[in-house]
Amino acid sequence: MELTSENDLFFHYSHTLDEAGFRAVQEQQKLMVDFAEYHTVLIRMLSTCIKEPHSHLAVFVMQRAGRAHLDFIQNMEYKFIELLSVAFCASDDETVRAPTPPIVGLQLFARVCACGCLFRFARASRFDTTP
């Protein structure tokens, strides 16, 4: 998953998680979904934050050394509950300046938040690098 902003072309963070890393996150955060469903859950959570901003929040917290996390939070009127926290890393300059390769044989999902940030989701095993 990538997070970019049209307002700042150098703002580029990414989240990548393989199956082994997912198992660690699943155990740590007590997730009830399988790895195959993970991307669908992320898309659904972002969509919910856009459709119901009064009850669901997506908070992006940037830390030192290019680390960040996106926290999905539900407002229960009397308490905020963190549903999921997703780790991100700032992309290096080479990645930010490179054109985005087209994704082969896969639908790309994108969601734009109220702040203007774009989230791109893709599940691909290969990228087309031909010009």
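1. The side chains of S91 and H12 make a polar contact at 2.5 Å. A polar contact is a pair of N or O atoms within 3.5 Å; within protein, one must be able to donate a hydrogen and the other to accept it, and residues adjacent in sequence count only if both atoms are side-chain atoms.

2. Basis. This is a predicted model: local features need pLDDT of at least 70, side-chain atom pairs count only at pLDDT 80 or more, and totals for chains, interfaces and linings use all residues. Residues are numbered from 1 along each chain as its sequence is written, and side-chain values use heavy atoms, with hydrogens and water left out.

3. More on S91. It is found in the loop between β5 and α3 (93-97). Is S91 buried or exposed? It counts as buried, because its relative accessibility is 16% and the cut-off for buried is under 20% relative accessible area (exposed is over 50%, partly exposed in between; 1.4 Å probe, protein chains only). Leaving out residues up to four places away in sequence, S91 touches H12, Y13, S14 and V96. Contact means heavy atoms within 4.5 Å.

4. Fold. The protein chain has three helices and seven strands. From the N terminus on, the order is β-β-α-α-β-β-β-α-β-β. Helices (H or I, at least four residues) and strands (E, at least two) are DSSP runs, numbered from the N terminus.

5. Chain totals. The protein chain has 131 residues, of which 29% count as buried. It exposes about 9100 Å², with carbon and sulfur atoms supplying 54% of that. Accessible areas come from the Shrake-Rupley method with a 1.4 Å probe; for residues, only the protein chains shown count as cover. Among contacts with a separation of 6 or more, 44% are between residues 24 or more positions apart.

6. Aromatics. A search of the whole structure finds six aromatic pairs. One of them is F11 with Y13: tilted, 5.1 Å centre to centre, 55° between the planes. Rings of Phe, Tyr and Trp (its six-membered ring) pair if their centres lie within 6.5 Å; planes under 30 degrees apart count as stacked, over 60 as edge-to-face and the rest as tilted. F11 is buried at 15% relative accessible area. Y13 is buried at 9%. Ring pairs link F11, Y13, F60 and F88 into a cluster.

7. Core. The largest nonpolar core has 19 residues. Those with the most contacts inside it are M1, Y13, L42, F72, L84, V86 and F88. Two or more residues come from each of α1 (19-29), α2 (38-51), β4 (67-75) and β5 (80-90). Which element gives the most? α2, with six residues. A nonpolar core is a set of buried Ala, Val, Leu, Ile, Met, Phe, Trp, Tyr and Cys residues joined through side-chain atoms within 4.5 Å.

8. Y13 again. Its contacts, not counting residues up to four places away in sequence, include M1, F60, M62, F88 and S91.

9. Backbone. Two non-glycine residues with positive phi deserve a look. Phi of A65 is near 60°. A65 is found in the loop between β3 (56-62) and β4 and counts as exposed at 78% relative accessibility. Phi of E77 is near 70°. E77 is found in the loop between β4 and β5 and is exposed, with a relative accessible area of 80%.
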